[in-house]
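This briefing groups its points by topic. Please read it alongside the sequence and the 3D structure.

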Amino acid sequence: EVWNPSGKYRVVSTKSMPGARWIRLLTDNDCRLEICTDPKTILSVDDILALIGDRCDGIIGQLTEDWGEVLFSALKRAGGTAFSNMAVGYNNVDVEAANRNGIAVGNTPGVLTETTAELAASLTLSAARRIVEADQFMRAGLYEGWLPHLFVGNLLKGQTVGVIGAGRIGSAYARMMIEGFKMNLIYYDLYQATRLEKFVTAYGQFLKANGEQPVTWKRAATMEDVLREADVISLHPVLDKTTYHLINPERLAIMKKEAVLVNASRGPVIDELALVEHLKANPMFRVGLDVFEDEPYMKPGLADMKNAVVVPHIASASKWTREGMATLAALNVLACHLQSFRGQQLI
Ligand code: DGY
């Protein structure tokens, strides 16, 4: 699909993206935009090489693609200067290879903070209150009437939410759980989450002034402290060598037997096979997963676990956010491209 065929700069998008604003932004700025219409969900390196061709000024890619030396050197040869990842995470991008080839890299932070945090909160509630199990039970025609033991789950109020990685998304999630469900906070991060701490302190004072039990917060010295103490644990680190299999058998073993674990960051942060074993051995332990170690697959056994809620990497999937991500992805291409070709500073 080609937009503005006479545009001076050739920009390629490996996927069609939501909304029209991103298309207008590029075409209004003298770009000829080519949107790949290959129906394959995931494009291979060879597919993308063909898209880059002999001439490509900038390209918008997806988190499912492997952006390394091969693609960046091809983009350089094609005269390109900009690669824009339509995602906040960029573990699929070899930034050093991009630097070596003089390609600027963009990502899309900010517009997906609340949407992703809301999905993590949804997974928390779904897992804690066994929503998916109960839904399947209803649809299977098994409901015979109210029973004292039917789908008993965990109450969140007054429990402790543990956040690992208190950046933008982790902090937004923490605020939702604290304000929405009056949970106490324990978090682990290399950096101090000062704004989050101030929020919990102020909210605790507000509750106290209104005669309610105040919420509390604690910055944990180690990740293990969070795993041991929290009733709900949500993972929000970036994926890199240091966070690969952050949740391993030893760390699973120190969590509470009835804890809820949520992951809307990146799949390889959890050793998924170890998680399946843990779920089998601990039926009251529950997980909510948006991401998986080998997407689009789940490790054997996970699909059979009733104590797991699984959704297909949809944390940022709200209309507003996806249109915002597309817009930001286009702006990033323009920013890099205009700077290098016209010597202009956009921002
Ligand atoms: C991201 O942006 O990194 C998410 O995983 C998809 O929105």
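**Loop residues and backbone geometry**

Phe151 is exposed, because 11 other C-beta atoms lie within 10 Å of its own; a residue is exposed at 12 or fewer such atoms, buried at 20 or more and partly exposed in between, with C-beta atoms placed from the backbone. The model is predicted: local features need pLDDT of at least 70, side-chain atom pairs count only at pLDDT 80 or more, and totals for chains, interfaces and linings use all residues. Residues are numbered from 1 along each chain as its sequence is written. Helices (H or I, at least four residues) and strands (E, at least two) are DSSP runs, numbered from the N terminus.

**Loop between helix 6 and strand 7**

- Phe151 lies in the loop between helix 6 and strand 7, and its phi is positive, near 50 degrees, in a residue other than glycine.
- Val152 lies in the loop between helix 6 (131-139) and strand 7 (160-164).
- Val152 is exposed, with 9 other C-beta atoms within 10 Å.
- Between Val152 and Ser44 there are 46 Å in space, C-alpha to C-alpha, and the two are 108 residues apart in sequence.

**Other loops**

- Asp30, in the loop between helix 1 (21-27) and strand 3 (31-35), has a positive phi of about 65 degrees although it is not a glycine.
- Asp30 counts as partly exposed because it has 14 C-beta neighbours inside 10 Å.
- Thr64 is in the loop between strand 4 (58-61) and helix 3 (69-77); with 15 other C-beta atoms within 10 Å, Thr64 is partly exposed.
- Thr64 and Ile42 are 6.2 Å apart in space, C-alpha to C-alpha, and 22 residues apart in sequence.
- His236 is in the loop between strand 10 (232-235) and helix 10 (249-254); His236 is buried, so classed because 26 other C-beta atoms lie within 10 Å.
- His236 and Val262 are 26 residues apart in sequence and 9.2 Å apart in space, C-alpha to C-alpha.
- Glu295 and Pro296 are joined by a cis peptide bond, with omega about 10 degrees; Pro296 lies in the loop between strand 12 (286-289) and strand 13 (308-310).

**Helix 5**

- The 16 residues of helix 5 (residues 113-128) should span 22 Å at 1.5 Å a residue, and the end C-alpha atoms are 22 Å apart, which agrees; the expected span is 1.5 Å times one less than the number of residues.
- Helix 5 is mostly covered, with twelve of its 16 residues buried; among them are Thr115, Leu119, Leu123 and Ala127.
- Arg130, which follows helix 5, has a positive phi near 55 degrees.
- Helix 5 packs against helix 7 (residues 168-181) at an angle of about 50 degrees, with the axes 8 Å apart. Helix 5 is therefore oblique to helix 7.
- Axes are lines fitted to C-alpha atoms, for helices over the stretch in contact, and angles run from 0 to 180 degrees between N-to-C directions. Angles under 35 degrees count as roughly parallel, over 145 as roughly antiparallel, 65 to 115 as roughly perpendicular and the rest as oblique.

**Ligand surroundings**

- The residues around the ligand are Leu63, Ala87, Val88, Gly89, Leu112 and Ser316, where a residue counts if its C-beta atom, placed from the backbone, lies within 6 Å.
- This shell divides into four nonpolar, two polar and no charged residues; Ala, Val, Leu, Ile, Met, Phe, Trp, Tyr, Cys and Pro count as nonpolar, Asp, Glu, Lys and Arg as charged, and the others, Gly among them, as polar.
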